[in-house]
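Take a moment to follow the chain from one end to the other.

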Amino acid sequence: AARIDQALKILRSAVAAVASDPVQALRAMQAQAADLTAASAAIKDPALAAATSDFQRYLAAVAARKAPFSAQEVAVQARALLSLLPNDPPARAGAAS
C-alpha cells in the first residue's frame, strides 16, 4: 500500500507540473503508471489495474502525438487514479514545509 500511495503522490505532483515542465511530467507519469501496473498485479486490485491501464493508454496517445498537452486534460485523465489516493492529514500550524 505504501508503494501505491507513493506512486499516486508522485503522479499528483507530475499532473501539477504539466504546465511548467511537460516533458518531465510525462516521463514521471509514465514511470508511475508502470509502477502502479506492477503494484496492481501484485495485490490483485482490478480497479487499480483498470484505472492504470486507461491512463497508460492516454499517455501513449500523448507521446505518439508528440504535441503539448494541457494540465486540465491530464487532470481529467488522471482523475480515476488520483481518486484512489488517501487524503493527506492537514498540516499542523507552524509546521516546517
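Along the sequence, the protein runs in the pattern α-α-α-α. This is a predicted model, with four helices and zero strands. Of the 97 residues in the protein, 29% are buried. Among contacts with a separation of 6 or more, 64% join residues 24 or more positions apart.

Now look at how the helices are packed. Two packed helices are described by the angle between their axes and the distance between the axes. For α2 and α3, the angle is about 150 degrees and the axes are 9 Å apart. Angles over 145 degrees count as roughly antiparallel, so α2 is roughly antiparallel to α3. On the α2 side the contact is made by L26, M29, Q30, A33, A34, L36, T37 and S40, and on the α3 side by L48, A49, T52, F55, Q56, L59, V62 and A63. The crossing in which α2 passes α3 is left-handed.

Helix α3 also packs against α4. Their axes cross at roughly 160 degrees and come within 8 Å, which means that α3 is roughly antiparallel to α4. Here too the crossing is described as left-handed. From α3, the residues L48, A51, T52, F55, Y58 and R65 meet E73, V74, Q77, A78, A80 and L81 from α4.

Apart from its neighbours within four places in sequence, F55 is in contact with L11, M29, A33, V74, Q77, A78 and L81. F55 is buried, and Y58 is buried as well. Both residues lie in helix α3 (residues 46-65), three residues apart, which is about one turn of the helix.

How many aromatic pairs does a search of the whole structure find? The search finds one. In this pair, the ring centres of F55 and Y58 are 6.0 Å apart and the ring planes are at 35 degrees, so the pair is tilted. The cut-offs explain the label, because planes under 30 degrees apart count as stacked and those over 60 as edge-to-face, with the rest tilted.

Two other buried residues can be followed in the same way. T52 lies in helix α3. Its relative accessible area is 0%, so T52 is buried. Not counting residues up to four places away in sequence, T52 touches A33, L36, T37 and L81.

Q32 has its place in helix α2. Is Q32 buried or exposed? Its relative accessibility is 9%, and buried means under 20%, so Q32 counts as buried. Leaving aside neighbours within four places in sequence, Q32 is in contact with A7, I10 and L11.

Notes. Residues numbered from 1 in each chain as written. Predicted model: local features only at pLDDT ≥ 70, side-chain atom pairs only at ≥ 80, totals over all residues. Heavy atoms only, no water. Phe/Tyr/Trp six-rings, centres within 6.5 Å; stacked < 30°, edge-to-face > 60°. Buried < 20%, exposed > 50% of the residue type's maximum accessible area, 1.4 Å probe, protein only. Contact = heavy atoms within 4.5 Å. Axes fitted to C-alpha atoms, helices over the stretch in contact; angles between N-to-C directions. Parallel < 35°, antiparallel > 145°, perpendicular 65-115°, else oblique. Left-handed = near helix turned anticlockwise from the far one by under 90°.
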